[in-house]
Amino acid sequence: MSAETHLRKLGVTVKQARDFINLNIDHPQIIYDAAFDNGVTISMLSEITDYPINVINGYFASVGLVAEVLNDTSILINSDNLRGFESLIAFNNNSGILSTASLREKIQPLVDDDPFYYNFTFDPVFDFQDDDGIYDSEELGVKHLGDIEATNENIESLFYGTLLNIYRALDETELKQISEIKNIGDRHEFKELFANSLSSVPTNSIWTDETLADIVVAEAYSLISDFLEDDFVVGVLDHSFLGFSVT
């Protein structure tokens, strides 16, 4: 998304943004905080200021700020290239034990007795994102869904639907191997193994619904906990197998 298009959502012009930056050029923390709070990425800052991205990265790095953090602004997943895995990201249309309501009933008490903390996971990242009542592709981080209604229920459904699709595509051996490599943190080997595993998706999942539900509950709890505890996690799927594979 261009800086002009994004700033329009905030009710700000490119000139106003440039004037703000010039006024605070000696205070990178102020500029960084404003960008972070309003979903302005490094490429947008480059477009606003005409400074190259590497110069902006260096500008923030000179005072100990990590510029790359500003690039994560999407609700679902933050990636420049989903590597053909878009079809995994889908609403949860399952019923029974695999329904969103059933999975929520199992996970919410694990997160906290207060439903606020669970629901917060599926809130918009920035206030401007739901002002018009829709989430567009930039706000979601995926293009194939088009515009969807800006509700927590939609994000929650996409969260569970995607996790179910991921685990249905894996067998027990693949799941063990992928989990071990992810824990080690070897992103290169993980990407290769994940892609290979999903290149031959079984027609029928090897998991029973009960086992699949248990796997998804464990993963969802881990992802939600990370989201709530780490201020730098933005997309609810950023730390999932899919997120680890495409970032």
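Guide: Gladly. Let us begin with Asp-50, which sits in the loop between H4 and H5. Please keep in mind throughout that this is a predicted model.

Visitor: What is the phi of Asp-50, and is the residue buried or exposed?

Guide: As a general idea, most residues other than glycine have a negative phi. Asp-50 is not a glycine, yet its phi is positive, at about 70 degrees. With a relative accessible area of 66%, Asp-50 counts as exposed, because the cut-off for that class is over 50%.

Visitor: Where is Arg-83 found, and what is its phi?

Guide: Arg-83 belongs to the loop between H5 and H6. Its phi is positive too, about 55 degrees, although Arg-83 is not a glycine. The relative accessible area of Arg-83 is 33%, so this residue is partly exposed.

Visitor: Let me step back to the whole chain. How many helices and strands does it have?

Guide: There are 13 helices and 2 strands. Along the principal axes, the C-alpha trace spans about 60 × 35 × 30 Å.

Visitor: How should I read the interior?

Guide: In soluble globular proteins, nonpolar side chains tend to be buried together. Here the largest nonpolar core has 52 residues, and the members that touch the most others are Leu-76, Phe-159, Tyr-160, Phe-194, Phe-241 and Leu-242. Helices H6 (100–111), H9 (152–168), H10 (172–184), H11 (187–198), H12 and H13 (241–246) each supply at least two residues of this core. H12 provides the largest share, 9 residues. Another core lies apart from it, with 18 residues, including Ala-3, Ala-17, Ile-48 and Leu-65.

Visitor: What does Leu-242 touch, leaving out residues up to four places away in sequence?

Guide: Leu-242 touches Ile-77, Phe-85, Leu-88, Ile-89, Thr-162, Ile-166 and Phe-194.

Visitor: And where does Tyr-160 lie, and is it buried or exposed?

Guide: Tyr-160 lies in helix H9 and is buried, with a relative accessible area of 0%. Apart from neighbours within four places in sequence, Tyr-160 is in contact with Asn-92, Thr-100, Leu-103, Arg-104, Ile-107, Tyr-118, Val-216, Ala-220 and Ile-224. For a sense of distance, take Tyr-160 and Val-55: they are 105 residues apart in sequence, and their C-alpha atoms are 40 Å apart in space.

Visitor: What about Ser-197: is it buried or exposed?

Guide: Ser-197, in helix H11, is buried, with a relative accessible area of 2%. Not counting residues up to four places away in sequence, Ser-197 touches Ala-169, Leu-170, Glu-174 and Ile-178.

Visitor: Which residues lie nearest the centre of the second largest pocket?

Guide: They are Phe-36, Val-125, Asp-231, Val-233 and Val-234, out of 20 lining residues. The second largest pocket holds about 360 Å³ of space. Helices H3 (28–38) and H12 (209–229) each supply at least two residues of its lining, and H3 gives the most, with 3. The lining of the second largest pocket divides into 12 nonpolar, 2 polar and 6 charged residues.

Note on methods: Residues are numbered from 1 along each chain as its sequence is written. This is a predicted model: local features need pLDDT of at least 70, side-chain atom pairs count only at pLDDT 80 or more; totals for chains, interfaces and linings use all residues. Side-chain values use heavy atoms; hydrogens and water are left out. On a 1 Å grid over the protein atoms alone, a cavity is a set of points where a 1.4 Å probe fits but cannot get out, and a pocket is an open set with protein on both sides within 12 Å along at least five of seven lines; lining residues have an atom within 4 Å of a point. Grid points are joined across faces, edges and corners, and a volume is the space filled by probe spheres set on the points. Helices (H or I, at least four residues) and strands (E, at least two) are DSSP runs, numbered from the N terminus. Ala, Val, Leu, Ile, Met, Phe, Trp, Tyr, Cys and Pro count as nonpolar, Asp, Glu, Lys and Arg as charged, and the others, Gly among them, as polar. A nonpolar core is a set of buried Ala, Val, Leu, Ile, Met, Phe, Trp, Tyr and Cys residues joined through side-chain atoms within 4.5 Å. Buried means under 20% relative accessible area, exposed over 50%, partly exposed in between (1.4 Å probe, protein chains only). Contact means heavy atoms within 4.5 Å.
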